[in-house]
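Q: I am new to this structure and would like to learn how to read it. Could you take me through it one feature at a time?

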Amino acid sequence: MSAPLLEVRGLTVRFGGLTAVADLDLDVHEGEVVGLIGPNGAGKTTVFNVISGLEPATAGEVRFRGRRISGLAPHRITALGVGRTFQNIRLFGALSVLDNVLIGEHVRTSGGLLDVLVRVRREREEERVAAARARELLEFVGLGHRGPERAGSLPFGEQRRLELARALATGPTLLLLDEPAAGANPTERATLVSYIRRIRERGVTILLIEHDMKVVMGICERVAVLNFGRRIAFGPPEAVAADRAVVEAYLGAEAS
Amino acid sequence: MVEWLAAFWQTYNTLVYLLFTHAILALSIYITLNTGLLSVGNAAFAGIGAYTSALLTMKLDLPFPVCLAAGSAAAGLVGLAIGLPVLRLSGVYLALATLAFGEVIRVVFLNLEVTGGAMGLNGIPPKTELWHLVLVCAALIYFFERLRRSRLGRTLDAIREDEVAARVMGIDVVYYKNLVFVLGAMLAGLAGGFNAHFTFFVSPREYGFGPAVDILAFAVLGGTGSYWGPILGSTILTLLPELLRFLADFRGMVTGLVLFLVIVYLPNGLLEVPDVLRRAWRRGAKP
Amino acid sequence: MLAQQLANGIALGSVYALFALGFTLVFGVLEVINLSQGAIAMFGAFFALVAVTALGTGIYTAMALAVLGAAILGVLIDRLALAPLRARKAPHLAPMIATIGITIFLTSLAQGLFGAQVSRFPIGLVPIRIFEVGPFQVTQLQLVIVAIAAGLMVALLLLLNRTRLGTAIRAVAESPRAAALLGIDVERIYLLTAAVTGALGGAAGVLIGLSFNAISPFMGEPILLKGITVVILGGMGDPKGAMVGGVLLGLVEVLSVAYLSSDLRDAIAFGLLFLILVVRPQGLFGRRQARKA
C-alpha cells in the first residue's frame, strides 16, 4: 500500500484543562472517503481545525503527502491542497454567489496591487479564466443560475452546496467536510450525498464528519469513531457498526 | 463673471483645497475599514507626511513631488513598523491601539526640536496646486473602481466578511491587513503633504485626536458600502462648518448631531438614503 | 522629595481611577466604549462651576448637583443613542462612533454656553491648608480629592458586590440573555449603569477641575485619553484593575515630570498604553479570555 495522503500521529489538543483530542492516529489514502463520527463534543471539529491550521496541536503531528503541515498557517495548508467546509456554514454572506467561489480560487490566481494599478490586460485574462472555472463549479453543484445573487440570501440547502463549490475552488486534493448534511431535510440530504459521490469521482479524497449513520454507511470506505477525544474504533463501516464500544458510546447515546 | 470667480477663489481656495485633501483622508480610512479594520491612526500618518514633506521643502528645497513622495513613504514605513504588532488586535482594541499610537506621534511632534514643538513649522512655501489634487483624486477613483472588481478587492471583502473563512480559502490575512494598513498610511501621508503646502504651517494640534475622529466621521457619515461614501461624507463635513458660520461656537453641535443621527438611524451612511426612500415609497404604495 | 511625589501621584491617580471606573463599568456591562464619558466629566465640572458662581453654593453642594446633572446626562445619552443601537443589535463600533458624535455635540454646546476660555473656581473654595501626614505634606484639596474619590469607589464596589442590584448588574455584564431568563429587567440595569457611570464621570470632572483649577470645554479629551489608558492598563471591564491602573498612571506621570521632563508626561502615558495593547491586550492584571471555537 502506498503512503497515506493524510497522516495524523498522536494528535492531542488541550484547551486549558480540557482535553478535546487525545493521542489520535488517523490515516486517509488517496481516493478514499473516510468518515469521522462520534457524539457531540467528541472533538471531531477540533481535529478538522488542527488539520486546516486554525488551531494548534498540543502534541503530535499532521502530515499531508508526507510533509508535516501541523504548525503551518491555514492559508499555506489550503495552498498545499487541503480544502474544507464548516459545520455552521461560513459563507461571505454579503458578497455574490460567484464572488464566493472566486475567492475560493484565491490560491490558484495571483492578481495583486500591481494588477489593479497597471497590468490591466494580464489581470483581465486571469479574471476571465477564473470566472469561467467558477461558473463551471457552480454548474457542478447546480447553482449555475444563482451567480449574481447575494450568498446570504440563498436557501439553506443551496448555501451548503455553495460552500462545497467554494471549497472545491481552492483546488483541493483532500476535502474536509464538516457535517455537510446537518440541518438538511431528507431530500436535501440525498442531494448532498450524490454531490459527495460526484466530488469523489473528480479524484478528490474526502474526510467527512457526519452524524447521520445512513449517510456514513452509504459512502464511507472506512470510519473512525471518536469518543471524548479518543479513537475507539477505526475500520470498514460494517465492522465499526458491530463494535461493542461503538454501540455503547455512540449508538447508545443516540438512542437515549 | 471673471471678477466674481477671482473673488470667490480668493476667499474660498483653502476650502476647495481642503475638500480634496479631506477626500484623500476619507479614502485612506476607507481602505482599512473596507477590510474590516477600524484604524484611527490616519491623522497621525497625515502628520508624519506633513512634517516630513514640509521639512524637506524648507530645509533642502527638494522638488515638490519628491517631498510629497517622501512624506507618503515615511508614513508608510511607520505604518509597516507598527502594523505587524498592532494588527494582531481586532475591533475596539485595534481602534484604541491606533488611537494611542496617534497620541504618541502627536506628543513626539510636540517635543522634537526639528518639528518646531508646539508652534510647529511656519512659512512652508505654498506649492500645492488645484490640478495636483484633482489629478490625485481622479487617480484614486480609478484605483478604487478597479479594486472593486479585482482579485485583490474580493480578497479584502472576504477578510471583512469572515476572517476565519478567508484564511481557509488560502488568504494570507496578515499580509493583506498589513498591505491595506500601509496603503492607508501612505494615502494619509500624501494628504498631509499636500495640506502642509497650502496652509503655510503645520502644528501638532492639527494631527491629534480631534482630526483622527473627523476622518472617521467622514467615512461613517457617507457610509462604507462604496468608496463614494467617504468622499460624500468628507465633502459634507468640510462644507458644513462654512455653511453654519452664523452659528459661531455652536456650529460643532450640528456636526456632532449629524454624525450621531446617521449612526443611529442610517447605519450604512448617507449612501443608504436612496434605498431607505425607495423602501418608504414602496411601503406607501401598498398600504 | 520622593515621598512627596508619591503623595501627589496618588492624589492625581485617584481621580484617574474614579474616571476610569465609570468608563470600564460601561464597557463591562454594555460592552460599549463610551467615548462621551470625557464630555460628561467636562459638563460635570461646569455644573459645579455654575452652582458655585451663579447659585453661590459651597463646593460639596455643587459637587452633589454636578453628580446629579452628570447622571441625568448619562441616562439621556443611553436613551437617545445607545438604547436604539442595542435594540438594533448594531455592531460594537456603532455605539463608539455615536458617542463620538455626542462628544462633538457636547463640546460645541459647552463652547457656546461657557466660551472657549479656561474658567476657574473662586479662590478659597476649598480652604488652602497644608497638613503633615507622616512624611507627606498634603493640601486640604488633595485630601478632599482622595477622600471623595476613594469614598465613591468603595461605594461602587459595595454596590456591585454586596447588593442585589450589584448582583443583577454583574449578571447582565456576564450574559444579558441569561440575566433576562432569570427575570432581571435588563434595560433597567442598563439605565442604572448609565446613571451610575454618568455620576462617576461627573464627579471625576469636578475633582479634575479642582485639582488643576482649570475648566474648559476641551478638558474632556485629555481626561478621556487618560481614562482609556487606565482602563487598558487595568484590563477592560475590570473595576479593580481600573483603580489600580489609575493610581499607577498618576504615579508614573508625577514621577516622570519630577525626574525626567514635564514634556514627556503624555509621551510616557500613551507610550505605555500602546505597549500594553501590543504586548498584553488583556491588561496588566487581566486573564487572557478563553478562545472562542
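## Reading the model, feature by feature

A: We begin with a single residue. A:I89 has 19 other C-beta atoms within 10 Å, and it therefore counts as partly exposed. The residue sits in the loop between β6 (82-84) and α3 (97-104) of chain A. Keep in mind that this is a predicted model.

Q: Which residues of α7(A) are buried, and which are exposed?

A: An α-helix has 3.6 residues a turn, so residues three or four places apart point the same way. In α7(A) the buried residues are A:L192, A:I196 and A:I199. Viewed down the axis of α7(A), they fall within an arc of 60°, so they line one face of the helix. A:P186, A:T187, A:S194 and A:E201 are exposed on the other side of α7(A).

Q: What do the buried residues of α7(A) pack against?

A: Their partners are α6 (156-169), β7 (174-178), β8 (205-209) and α8 (213-219) of chain A.

Q: Which residues touch the most other members of the largest nonpolar core?

A: In soluble globular proteins, nonpolar side chains tend to be buried together. The largest nonpolar core here has 275 residues, and C:A17, C:L18, C:A203 and C:L207 touch the most other members. Helix α1 (residues 2-30) of chain C gives the largest share of this core, 17 residues. For C:L18, the contacts beyond four places in sequence are C:A149, C:L152, C:M153, C:L200, C:A203, C:A204 and C:L207.

Q: Which chains have the most contacts between them?

A: Two pairs of chains touch, and the pair with the most contacts is B and C. Chains A and C do not touch, and their nearest C-alpha atoms are 9 Å apart.

Q: How many residues take part in the contact between chains B and C, and which element of chain C gives the largest share?

A: The contact draws 36 residues from chain C and 34 residues from chain B. On the side of chain C, α3 (59-87), α4 (93-114), α9 (220-234) and α11 (264-279) each give two or more residues. The largest share, 15 residues, is from α4(C). By type, the residues on this side of chain C are 26 nonpolar, 7 polar and 3 charged.

Q: Where is C:S108 placed, and what is it in contact with?

A: C:S108 lies in helix α4 of chain C. It is buried because 22 other C-beta atoms lie within 10 Å. Apart from neighbours within four places in sequence, C:S108 is in contact with B:D249, B:F250, B:R251, B:G252, B:M253 and B:G256. In sequence, C:S108 and C:F218 are 110 residues apart, while their C-alpha atoms are 9.3 Å apart in space.

Q: What residues make up the contact between chains A and B?

A: This contact takes 20 residues from chain B and 27 residues from chain A. In chain B, α5 (130-148), α6 (151-161) and α7 (163-168) each supply at least two residues. α6(B) gives the most, with 7 residues. The side of chain B that touches chain A divides into 9 nonpolar, 3 polar and 8 charged residues.

Q: What confidence does the predictor give chain C and the complex?

A: Chain C has a mean pLDDT of 84, and 95% of its residues reach 70 or more. Among its elements, the highest mean pLDDT is that of helix α2 (residues 37-54), at 93, and the lowest is that of α11(C), at 77. Over residues 288-293 of chain C pLDDT stays under 50, and the model has 2 contacts beyond four places in sequence for them. For the complex, the predictor gives an ipTM of 0.89 and a pTM of 0.88.

Conventions: Residues numbered from 1 in each chain as written. Chains lettered and ligands numbered in written order. Predicted model: local features only at pLDDT ≥ 70, side-chain atom pairs only at ≥ 80, totals over all residues. Contact = placed C-beta atoms within 7 Å. Helix = DSSP H or I, 4+ residues; strand = E, 2+ residues; numbered from the N terminus. Nonpolar A, V, L, I, M, F, W, Y, C, P; charged D, E, K, R; others polar. Core = buried A, V, L, I, M, F, W, Y, C linked by C-beta atoms within 7 Å. Buried ≥ 20, exposed ≤ 12 C-beta atoms within 10 Å, placed from the backbone. pLDDT = per-residue confidence, 0-100. Arc of directions from axis to C-beta.
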